[in-house]
Amino acid sequence: VPQFVVVLDTSGSMELNIKAVKADEDWFFGNNLNKYTDPSRTLQIFEKPSRMNVAQDSLAGMINALDPKIDTRLITFAGCESTPDQGVFKFGDRQRLINGIRGLVPNQGTPLADSLAKAASTVDGRNNDAVIVMFVDGEDGCQKDVCAVSRRIAQEQPRLRVNVVNIGAGGPSQCIAKNTGGRVYSSTNAA
């Protein structure tokens with residue numbers, strides 16, 4: 001049975017509408033006063049469903065479809081300072097895991113490289129197969145090189161694959177999946 005870890009982006013941009021584009025992100029986060037100069041654009045950018053809503057629904061579906069023998073570890077973000085390990089959830093704990101995921105609130109930065117490194121540190125990937133699935137909406141926002149981290153993982157943990165589910169239009173570094181033999185799945189709408 002492979003080891004399995006999910007990284008869920010809980011950065012502030014996950015609160016944006018699933019159809020929001022990079023220009024919307026740059027506009028809103030680039031100048032704190034913009035939200036007052038164009039409140040209708042702000043409302044449109046934050047209209048439901050949010051990227052987090054889509055990620056939560058997709059992740060819940062994935063967890064429910066997993067083989068009962070697969071345990072799930074969850075890593076989230078707490079700004080650039082921390083990537084909390086929410087623990088390992090066995091088959092009997094899946095509903096508690098899904099309820100916890102639905103209760104997460106997006107806030108602060110995107111420690112993509114640190115969360116990938118932390119997730120990789122929790123699995124073997126050398127003698128046993130391991131899979132990490134990252135539900136993310138953008139690049140690393142904490143001045144770290146996620147491509148370098150994924151290259152190191154590929155060298156040190158050759159049996160670890162990282163798949164990236166790109167939520168929204170921000171687009172994570174393709175190198176994560178490419179370097180580790182994983183895949184990138186993209187979505188710009190709730191369906």
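1. Buried, in this note, means under 20% relative accessible area, exposed means over 50%, and partly exposed covers what lies in between, with a 1.4 Å probe and protein chains only. By that definition Cys-142 is buried, with a relative accessible area of 9%, whereas Cys-80 is partly exposed at 33%.

2. A word on the basis of these values: the model is predicted, local features need pLDDT of at least 70, side-chain atom pairs count only at pLDDT 80 or more, and totals for chains, interfaces and linings use all residues. Residues are numbered from 1 along each chain as its sequence is written, and side-chain values use heavy atoms, with hydrogens and water left out.

3. How many disulfides does the model contain? If a disulfide is taken as a pair of cysteine sulfur atoms within 2.5 Å, the count comes to 2. Numbering the bonded cysteines of the protein in sequence order gives the pairing 1-2, 3-4.

4. Helices (H or I, at least four residues) and strands (E, at least two) are DSSP runs, numbered from the N terminus. The torsion about the S-S bond of Cys-80 and Cys-142 is about -85°, and the disulfide is therefore left-handed.

5. Cys-147 and Cys-175 also form a disulfide, again with their sulfur atoms 2.0 Å apart. Here, too, distant parts of the chain are linked, with Cys-147 in helix H7 and Cys-175 in helix H8 (residues 175-180), 28 residues apart. The link of Cys-147 and Cys-175 is left-handed, with -90° about the S-S bond, and Cys-175 is buried at a relative accessible area of 13%.

6. Asp-9 deserves a careful look, and it is found in the loop between strand S1 (3-8) and helix H1 (22-30). Asp-9 is buried yet has no salt bridge, and the nearest side chain of opposite charge, Arg-51, is 7.2 Å away. A salt bridge would require a side-chain nitrogen of Lys or Arg within 4 Å of a carboxyl oxygen of Asp or Glu; as for charge, Lys and Arg count as positive and Asp and Glu as negative, while His and the chain ends are not counted. The backbone nitrogen of Asp-137 lies 3.2 Å from a polar atom of the Asp-9 side chain. Not counting residues up to four places away in sequence, Asp-9 touches several residues, including Met-14, Phe-77, Phe-135 and Asp-137, where contact means heavy atoms within 4.5 Å.

7. Strand S4 is mostly covered, as 6 of its 7 residues are buried. S1 and S4 run parallel and are joined by 6 bridges, with Leu-8 standing opposite Phe-135 in S4. S4 also pairs in the parallel sense with strand S5 (residues 160-167), over 7 bridges, and Val-133 stands opposite Asn-163 in S5. Two strands pair if DSSP finds at least two bridges between them.

8. Some backbone details are worth checking in the loops. A cis peptide bond, with omega about 5°, joins Lys-48 and Pro-49, and Pro-49 lies in the loop between helix H3 (39-45) and helix H4 (51-65). Gln-143 has a positive phi of about 55° although it is not a glycine, and Gln-143 counts as exposed at 75% relative accessibility.

Definitions and conventions
Polar contact = N/O pair within 3.5 Å; in protein donor to acceptor, adjacent residues only side chain to side chain.
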